[in-house]
Amino acid sequence: MWVTIPFGAMALLLIPLAIGTDAVLLERIGPGLYWVIVMLFGVLVSVGRASVETGAQRDASSLLGLDPAAGYVGRSISAAGLLIVFELVVGAVAVVLYGFDLIGIPWLAATLIIVAAGLGLLGSLAASLVGSGSAGSALVPLLVAPLSIPLLLGATQAYEGLRLGDSILPWMLLMAAVVLVAAIAGVLTARPLQES
Amino acid sequence: MPSEIPNRSWPWVAIGVSVAVALTLAMISPADAVQGDLVRIMYVHVPAAWLAYLAFAVTLVCSAGYLFTKNLRWDRLAASSAEIGVYFTGLAIALGMIWARPTWGVWWTWDARLTLTAIMFFVYVGYLALRRTTADPRTRAGRAAVLGIVGAVQIPLVHFSVVWWRTLHQPASILRPDGPAIQDPIMRWALLAGVIAFSVIYTSLMVKRVELHRLNDAIHLAERGEARPVAGASVAAPNLDEGARDV
Amino acid sequence: MIAATVIELRDIGVTAGSTPILRGVDLSVGGGEIVGLFGANGAGKTTLLRVIATLLRPADGRGTVLGADLSGDERYEVRHRIGMIGHIPGLYPELTLGENLRFAARVAGIPSDQVEESLQAVGLLGAIDRQAGASSHGMQRRAEFARELMIERDLLLLDEPHAALDQDAVELVNGLVGKIAANGGAAILVSHDRDRVTAVADRSVELVDGSLR
């Protein structure tokens, strides 16, 4: 976490060096870039050491009678918690560097939470699918990224909608649907995936 | 266990006939009023895209089939279909780009369908990559089945998000003229023949690929049944007398 | 209630990919028995322990542990009755020893005041607030024994139970194992220390060539 946050902030700093420092352009694209950084780096957070168990830990919690589905939900919640911290810190950096306004703070807060929940659930599900090992952990971002595109589009378009004064409910519902699908899939497959 | 893949000839005959018919119709169909001969790429691009979607739908159904029955036959079908689907998706994207460059002046446009197709490509590349990380057939089948279903269920959500996004961000009309409506009957027949030819190719590839997977699984099973040494046999008692260095 | 037969394995086989690790393993352990399990490095002892712990489904053969079929879902129902301490600690390194045990107590539905009692029994009460990751291997093992003391198990599986432990802790381990056996449960001790294990075990088996002798 203390590596990923600075790395994400560094990425936000590097982008204007590559595409230009026009303030109007950066203000326009800032929110989208922020959510791309959240999506790409957030996956690293959700499968980082802080939120994934070792084999011995998993065995110990299994023998305590911990249901694999409960373990999946717990890991996802812990990942989502870490992601919210990541979003807040990197979000502050993005606002400073790119100068865009924070409009509709309650809706923005809801977006932060839903995206964190979605990435946490998808990341935990992907981590369960690939199992342990370095080859597997490198695969997790590739599995999560395309499936989290509705979260990316929902978050960016929700901000656009707030900026233009349009309804953002469809985007919020779409993101909620992603969260629901990931949660159901993770809970239903937790037991058979633990077996493998 | 069969020692070789049965050399059935019907797939090759069927492929040959259907491709010949499709090619003939594609060549004799008239050029488009706007695109000229460039329209003939569509006779390959559209069937390739259609087959890609079909292949991934088959992967979804067969993944569910495996989870319900735990029969590895379903997994072989799912994997084979996903492999073929990835190739067809790549082909569709490449042909689309080749068509787009002279038509729209760009290699890529953020059209909803194109974007969705590219996303699906990555979803199933991930599916194939996941299969390669797991050696045990049953473990691999279970994990891949979960991803096959989750990926497919998420596709409608991805589709809606991309379509809504493109609806809000219509590209400039000069880049995105509406696709031509197919009026000429020969063009329609050429397109249909292309779809049939690709369907025959898909079916033939599936037959071969499923058989290959079955043979691989049979080899794996046979190796397990052989009197192979157990893993622990690779550890022997140390012998300090041989190869010991003077200290 | 513990049945007369705690572990019944018939022709158990486990493979990794196409490489067999266990082959044709037969084992029967009754209530009150303490069994020592020996074998060379890489013989598959830990794998067998994980099969018995219901954490690894065998590829071949049939077996029951505490009456639950190893190939069915009923094995989830008996897991809370099985304790296992592996050679790699299963504690969360970011949590303190006390927090690790409180977490285990909470999941197992045990009053948390038993945490301090258990740590006291293993001599770790003074280290209750020490981070597990900052504790020595021996301390972590003691903490895991404290966890098993706290939870009433019917089957205890110990992998290298005496490793990294001083003499006091060794006697603690023997006491814990004896207590479970006295209550009608069973214990399996995997070890390279034949003397210490045979001193406490009722019988011993050896894993050779993937099978038990």
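Hello everyone, and thanks for having me. Because this is a predicted model, please keep in mind that local features are only reported where pLDDT is at least 70.

Let's start with chain A. What is it built from? Buried residues make up 47% of the 196 residues. And of the contacts in chain A with a separation of 6 or more, 84% are between residues 24 or more positions apart.

You will find Met39(A) in helix 2 of chain A, residues 23-46. Is Met39(A) buried or exposed? It has 20 other C-beta atoms within 10 Å, and 20 is enough to count, so Met39(A) is buried. Who are its partners? Leaving out residues up to four places away in sequence, Met39(A) touches Leu119(A), Ala145(A), Ser148(A), Leu151(A) and Leu152(A). Take Ser148(A) from that list: it sits 109 residues away from Met39(A) along the chain, yet their C-alpha atoms are separated by 7.6 Å.

Now let's see what chain A touches. On one side there is chain B, where 24 residues are in contact with 25 residues of chain A. Helix 4 (112-132) and helix 5 (137-168) of chain B each supply at least two residues to chain B's side of this contact. Which of chain B's helices gives the largest share? That is helix 5, with 17 residues. By class, chain B's side has 16 nonpolar, seven polar and one charged residues.

Chain A also meets chain C: here 11 residues of chain A are in contact with 16 residues of chain C. Helix 3 of chain A, residues 55-63, gives the most to chain A's side, with seven residues. The class make-up of that side is five nonpolar, four polar and two charged residues.

Next, a look inside chain B, at a pair of helices. Helix 3 (residues 72-104) and helix 4 of chain B have axes that come within 9 Å and cross at roughly 145°. The crossing of these two helices is left-handed. If you want to find the contact on screen, look in helix 3 of chain B for residues including Ala82(B), Gly85(B), Val86(B) and Ile93(B), and in helix 4 of chain B for residues including Leu114(B), Phe121(B), Tyr124(B) and Leu128(B). Counted by class, the contact of helix 3 with helix 4 has 13 nonpolar, five polar and two charged residues.

On to chain C, which brings us to a sheet. It is an open sheet of six strands, in the order 6-7-8-3-9-10, with mixed pairing. Which strands sit at the edges? They are strand 6 (82-85) and strand 10 (211-212), each pairing on one side only. Strand 6 pairs with strand 7 (residues 155-159) in the parallel sense over four bridges. Within that pairing, Ile82(C) is the bridge partner of Leu155(C), and Ile85(C) is the bridge partner of Leu158(C). Helix 6 of chain C (residues 167-182) packs on the sheet, touching strand 3 (34-39), strand 7 and strand 8 (186-190), and its direction makes about 145° with that of strand 8.

Stay with strand 7 of chain C for a moment. Five bridges join it to strand 8, and the two run parallel; one of the bridge pairs is Asp159(C) with Val190(C). Strand 7 is mostly covered, as four of its five residues are buried.

I'll finish with two loop residues in chain C. Thr54(C) lies between helix 1 (45-52) and strand 4 (60-65), and Leu66(C) lies between strand 4 and strand 5 (68-69). Neither is a glycine, but Thr54(C) has a positive phi of about 70° and Leu66(C) has one of about 50°. Are they buried or exposed? Thr54(C) has 24 C-beta neighbours inside 10 Å, so it counts as buried, and Leu66(C), with 22 other C-beta atoms within 10 Å, is buried too.

Thank you, and I'm happy to take questions.

Definitions and conventions
Residues numbered from 1 in each chain as written. Chains lettered and ligands numbered in written order. Predicted model: local features only at pLDDT ≥ 70, side-chain atom pairs only at ≥ 80, totals over all residues. Contact = placed C-beta atoms within 7 Å. Nonpolar A, V, L, I, M, F, W, Y, C, P; charged D, E, K, R; others polar. Axes fitted to C-alpha atoms, helices over the stretch in contact; angles between N-to-C directions. Left-handed = near helix turned anticlockwise from the far one by under 90°. Buried ≥ 20, exposed ≤ 12 C-beta atoms within 10 Å, placed from the backbone. Pairing = 2+ DSSP bridges.
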